[in-house]
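Please look at the sequence and the structure shown here before reading on.

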Amino acid sequence: MSLSSKVMTAMKEAMKAKDQNALTSLRAVKSAILLAQTASGAKEELTEEQELKLLQKLVKQRRDSAAIFEEQSRPDLAEPELAQAEVIAAFLPEQMSEEAITVIVDEVIAAIGASGMKDMGKVMGQVNGKLAGKADGKTISGIVKSRLS
């Protein structure tokens with residue numbers, strides 16, 4: 001079942017349950033999917049990797065917005081953003097723990113023979129390829145930096 005059909009099913013359930021927060025979140029996902037499909041020129045289906053990147057981007061946007069609202073002492077605006085992020089994150093695969101990410105980072109560093117921060121780009125490229133959708137880029141970056149320094 002594609003992401004589009006999962007979102008449509010969840011939208012129907014949210015409409016029946018009159019859950020405005022979920023409905024708003026799901027409409028944003030549907031809109032982003034349509035924009036991504038039409039951006040490539042044709043109405044072709046997105047690959048699973050593209051769908052995961054899209055979902056991660058939407059979750060990150062909402063969490064960043066919530067952080068800004070909290071810095072500005074606006075919890076009334078931060079709460080809906082975090083709630084929407086949770087609804088969207090439900091479509092992502094389960095995120096890996098930092099320990100599991102560290103193991104993969106160590107394997108990649110050993111395979112490449114990375115010795116310092118100058119090799120960070122090479123390591124990040126391979127680790128991001130292996131962990132697409134399973135880990136946050138910020139977390140991966142922090143672990144790679146700590147291992148290479």
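This is a predicted model: local features need pLDDT of at least 70, side-chain atom pairs count only at pLDDT 80 or more; totals for chains, interfaces and linings use all residues.

## Helices α1 and α2

Two packed helices are described by the angle between their axes and the distance between the axes. Helix α1 covers residues 3–17 and helix α2 covers residues 20–39.

On the α1 side, the residues in contact are Leu3, Ser4, Val7, Met8, Ala10, Met11, Ala14 and Met15. They meet Ala22, Leu23, Leu26, Arg27, Val29, Lys30, Ile33 and Gln37 of α2. Sorted by class, this contact of α1 with α2 holds 12 nonpolar, 2 polar and 2 charged residues.

## Helices α3 and α4

Helix α3 runs over residues 48–71, and helix α4 over residues 75–89. The two pack with their axes 8 Å apart, at an angle of about 160 degrees. α3 and α4 are therefore roughly antiparallel to each other. The crossing of α3 and α4 is left-handed.

Helix α3 contributes Leu55, Leu58, Val59, Arg62, Arg63, Ser65, Ala66, Phe69 and Glu70 to the contact. From α4 come Leu77, Ala78, Glu81, Leu82, Gln84, Ala85, Glu86, Ile88 and Ala89. The contact of α3 with α4 has 11 nonpolar, 2 polar and 5 charged residues.

## The largest pocket

Rolling a probe the size of a water molecule over the atoms shows where empty space is left. The largest pocket holds about 660 Å³ of space. Its lining is made of 27 residues, and those nearest its centre are Gln56, Gln95, Ala135, Asp136 and Gly137.

Which helices each supply at least two residues of this lining? They are α3, α6 (120–130) and α7 (137–148). The largest share, 8 residues, comes from α3. By class, the lining of the largest pocket has 11 nonpolar, 7 polar and 9 charged residues.

## The second largest pocket

The second largest pocket has a volume of about 200 Å³. It is lined by 13 residues, and the closest to its centre are Lys6, Glu48, Glu51, Leu52 and Phe91. Two or more lining residues come from each of α1 and α3.

Helix α3 gives the most to this lining, with 4 residues. The classes in the lining of the second largest pocket are 8 nonpolar, 1 polar and 4 charged.

Definitions and conventions. Residues are numbered from 1 along each chain as its sequence is written. Side-chain values use heavy atoms; hydrogens and water are left out. Axes are lines fitted to C-alpha atoms, for helices over the stretch in contact, and angles run from 0 to 180 degrees between N-to-C directions. Angles under 35 degrees count as roughly parallel, over 145 as roughly antiparallel, 65 to 115 as roughly perpendicular and the rest as oblique. A crossing is left-handed if the near helix is turned anticlockwise from the far one by less than a right angle, and right-handed if clockwise. Contact means heavy atoms within 4.5 Å. Ala, Val, Leu, Ile, Met, Phe, Trp, Tyr, Cys and Pro count as nonpolar, Asp, Glu, Lys and Arg as charged, and the others, Gly among them, as polar. On a 1 Å grid over the protein atoms alone, a cavity is a set of points where a 1.4 Å probe fits but cannot get out, and a pocket is an open set with protein on both sides within 12 Å along at least five of seven lines; lining residues have an atom within 4 Å of a point. Grid points are joined across faces, edges and corners, and a volume is the space filled by probe spheres set on the points.
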